[in-house]
Number of protein chains: 2
Amino acid sequence: MPRLVMKFGGTSVADLDRIRNAAEKVKREVDNGYDVAVVVSAMSGKTNELVGWVRSASKPEGHDGPGLYDAREYDAVVSSGENVTAGLMALTLQEMGVPARSWQGWQVPVKTTDAHGAARIEEIDTTNLDAKFNEGMHAVIAGFQGIAPDGRITTLGRGGSDTTAVAFAAALKAERCDIYTDVDGVYTTDPRITKKARKLNKIAYEEMLELASLGAKVLQTRSVEMAMRNKVRLQVLSSFEDTPGTLVCDEEEIVESNVVSGVAYSRDEAKVTLISVADRPGIAAAIFGPLAEAGINVDMIVQNISEDGRTDMTFSCPSDDLTRAQTVMEEAKTKGGINYRDLVVDQDVSKVSVVGIGMRSHAGVAATMFKALSAEGVNIKVISTSEIKVSVLVDRKYMELAVNALHDAFELEKTA
Amino acid sequence: MPRLVMKFGGTSVADLDRIRNAAEKVKREVDNGYDVAVVVSAMSGKTNELVGWVRSASKPEGHDGPGLYDAREYDAVVSSGENVTAGLMALTLQEMGVPARSWQGWQVPVKTTDAHGAARIEEIDTTNLDAKFNEGMHAVIAGFQGIAPDGRITTLGRGGSDTTAVAFAAALKAERCDIYTDVDGVYTTDPRITKKARKLNKIAYEEMLELASLGAKVLQTRSVEMAMRNKVRLQVLSSFEDTPGTLVCDEEEIVESNVVSGVAYSRDEAKVTLISVADRPGIAAAIFGPLAEAGINVDMIVQNISEDGRTDMTFSCPSDDLTRAQTVMEEAKTKGGINYRDLVVDQDVSKVSVVGIGMRSHAGVAATMFKALSAEGVNIKVISTSEIKVSVLVDRKYMELAVNALHDAFELEKTA
């Protein structure tokens with residue numbers, strides 16, 4: 001029988017009514033003739049509660065210690081949320097006449113690395129599941145978790161249930177991996193910013209990756225990468241509305257598409273410029289090495305032309321990382337590693353990007369983008385491009401305006 | 001190093017403050033030089049919440065079905081409560097400088113039968129724990145759970161964490177098994193009924209068994225049986241007060257004791273009499289067979305002398321079982337199995353018992369008991385005796401009076 005993976009996120013299994021609603025969708029696919037593997041997250045709010053307890057247990061109130069917790073215990077505690085949902089989903093399916101059983105990560109087993117709290121799936125042994133499918137028994141899998149080589153429980157990091165779902169879809173050779181969530185698909189841009197935003201029927205893996213990492217929080221980036229690598233067809237659709245979703249698939253499956261598929265944004269960015277840095281070999285490494293070591297997520301990097309052996313170096317990072325970035329740069333100057341005259345910070349910038357595989361074969365996307373922004377009087381502060389995207393930093397106050405202007409300029413409200 | 005098992009029940013780990021309080025007691029014993037295995041229950045209220053979800057998932061509101069749940073999924077869901085506490089306790093101990101790690105039942109492993117929801121422990125393999133003890137790592141064990149031969153999670157039934165603790169004490173050859181709870185020991189009777197109730201320093205296994213099954217809800221009966229069989233010295237003590245508890249031990253460890261150790265009671269009993277039953281061989285089996293099949297917990301049984309080939313048969317059961325017992329008896333009559341004239345029910349009775357290993361060598365305990373009750377005008381409705389106890393049924397309104405009178409008559413306020 002063909003197989004299907006169906007994944008339900010926290011809001012889709014937030015209470016028993018919603019679990020029942022999700023179970024009805026599973027039953028429909030079972031009735032359609034699929035062997036179904038259901039992957040569930042913890043009921044929404046549960047993971048945060050458990051994480052809060054772990055933090056407090058490690059660092060009691062009024063205690064000044066570092067409060068660093070043992071990630072192995074964090075995993076043992078936090079994974080319990082998914083176990084509860086998996087059992088409840090199996091019971092609900094049984095009650096509806098669908099034979100099903102729950103599987104915890106170690107029972108499958110889902111073998112992972114031992115990087116507790118952020119483990120990677122290494123192998124899913126489907127022998128046990130296959131045997132149960134052959135008995136007509138559908139599977140409910142606790143997402144987000146696995147087992148380390150030493151037999152301890154691991155978790156995959158926040159949002160890891162998407163990755164669990166895609167990994168199972170690959171291992172089980174499923175026809176599709178359906179990700180049920182609280183949005184009904186992937187849009188040309190955020191519908192809260194422009195009402196013209198249109199739901200895409202299909203989007204290529206590469207585009208989805210750019211959109212995911214650029215701030216469209218529909219799917220976890222790692223799960224899209226894994227889907228692309230294993231050619232898992234991924235569908236994003238709503239748990240609450242009965243409408244078709246968006247299929248994330250190989251670009252060969254997409255017959256017609258716009259040159260640009262979507263406009264993404266990231267609201268809270270910061271721009272840092274080091275003025276008059278000595279332009280010598282190794283200077284970039286001297287700047288970005290310490291930033292990376294400090295765990296700062298540097299995004300765009302621009303180096304201006306050099307004059308008299310000195311240059312200006314600009315980079316962007318999430319606003320939350322700005323203070324740490326400044327500290328690291330000041331320390332680097334004090335210790336003599338980097339000699340710059342001034343450090344200029346712009347805290348109020350946003351990133352806006354256009355994404356589309358069509359760019360590979362169509363010239364002039366960047367030009368159209370710059371012209372559209374210019375026509376609205378939006379000043380571009382930094383530009384960065386890749387094969388299938390063009391990103392710009394703009395003043396935050398212009399962000400919505402820029403997104404709207406680009407959506408119009410590339411006529412994204414129209415189907416290809 | 002000598003080993004100690006310390007078990008904390010739900011109220012003793014109800015929140016992070018209480019977990020910390022419990023962890024401090026563990027630290028004290030670690031500082032005393034013990035290798036400690038801590039056994040924890042779920043935070044109080046958690047198990048009930050999970051059980052409620054399981055029931056609702058199996059039988060949605062407005063649904064008339066039987067709502068029978070798959071006990072394997074029940075176990076998978078409900079066991080998560082102990083896993084959370086175990087992780088939090090390990091973290092709290094670590095934070096206090098005590099090296100510790102959590103163990104879920106399947107990780108140890110705690111091998112059980114496959115009687116999901118009421119499994120029995122078959123074997124605890126301590127190889128992994130032993131290795132960690134040798135590294136100076138103390139153990140925190142999720143109570144109440146194990147793993148069935150097919151690899152699915154089992155639970156031991158309510159109160160099963162006591163059994164987990166005793167089983168580990170036996171397997172680890174621990175010097176003692178300390179059960180921390182919300183009472184500070186075993187009393188001569190319920191202190192809510194008489195202020196003269198005195199905490200016992202020591203009590204024999206056999207006595208504790210009678211007290212446990214007679215309604216003194218300090219320890220789960222099965223855990224006491226297991227302790228007796230394995231000669232595990234069991235201490236009951238308070239999580240909240242720093243006072244000595246009660247040691248449950250072999251009677252040889254008890255040098256001096258009163259003839260009677262305690263007075264137990266069970267408030268809500270019912271008495272059923274079948275009037276004028278044909279007194280033929282097999283009649284008792286014909287009556288009590290169907291009751292047992294219906295899961296009714298028949299306690300005392302009395303048969304009067306026979307007249308003209310007919311007799312009266314009386315039995316007691318918990319009040320909650322009365323309606324079902326009546327139904328079973330009426331069906332038995334209709335189907336012709338048992339021919340009785342009348343069925344007389346007394347719903348308002350309580351059972352009061354005196355218990356003591358000293359009875360074996362002291363005659364006259366029953367006589368003293370009956371005299372004391374008679375002096376207070378308490379009518380005895382049914383009598384039942386065993387080697388170390390005498391139980392009577394009395395009208396419920398006299399229950400407190402009877403307990404007080406017996407506590408006085410046997411001078412239980414005085415130490416032996």
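1. Two strands are taken to pair if DSSP finds at least two bridges between them. In this predicted model, strand β16 (residues 342–355) of chain A and strand β18 (residues 389–395) of chain A run antiparallel and are joined by seven bridges. Within that pairing, Ser350(A) has Val394(A) of β18(A) as its bridge partner.

2. β16(A) also pairs with strand β13 (residues 262–278) of chain A, again in the antiparallel sense, and here the pairing extends over 11 bridges. One of the residues to check on this side is Val263(A), whose bridge partner in β16(A) is Val354(A).

3. Turning to the contact between the chains, chain A contributes 28 residues and chain B contributes 28 residues. On the side of chain A that touches chain B, at least two residues each are supplied by α1 (16–31), α2 (46–58), α3 (71–78) and α4 (80–95) of chain A, and the largest share, 10 residues, comes from α4(A). By residue class, this side of chain A divides into 14 nonpolar, 10 polar and four charged residues.

4. Just after α6(B), the backbone at Lys173(B) adopts a positive phi of about 50°.

Key:
Residues are numbered from 1 along each chain as its sequence is written. Chains are lettered from A and ligands numbered from 1 in the order in which they are written. This is a predicted model: local features need pLDDT of at least 70, side-chain atom pairs count only at pLDDT 80 or more; totals for chains, interfaces and linings use all residues. Two residues are in contact if their C-beta atoms, placed from the backbone, lie within 7 Å. Helices (H or I, at least four residues) and strands (E, at least two) are DSSP runs, numbered from the N terminus. Ala, Val, Leu, Ile, Met, Phe, Trp, Tyr, Cys and Pro count as nonpolar, Asp, Glu, Lys and Arg as charged, and the others, Gly among them, as polar.
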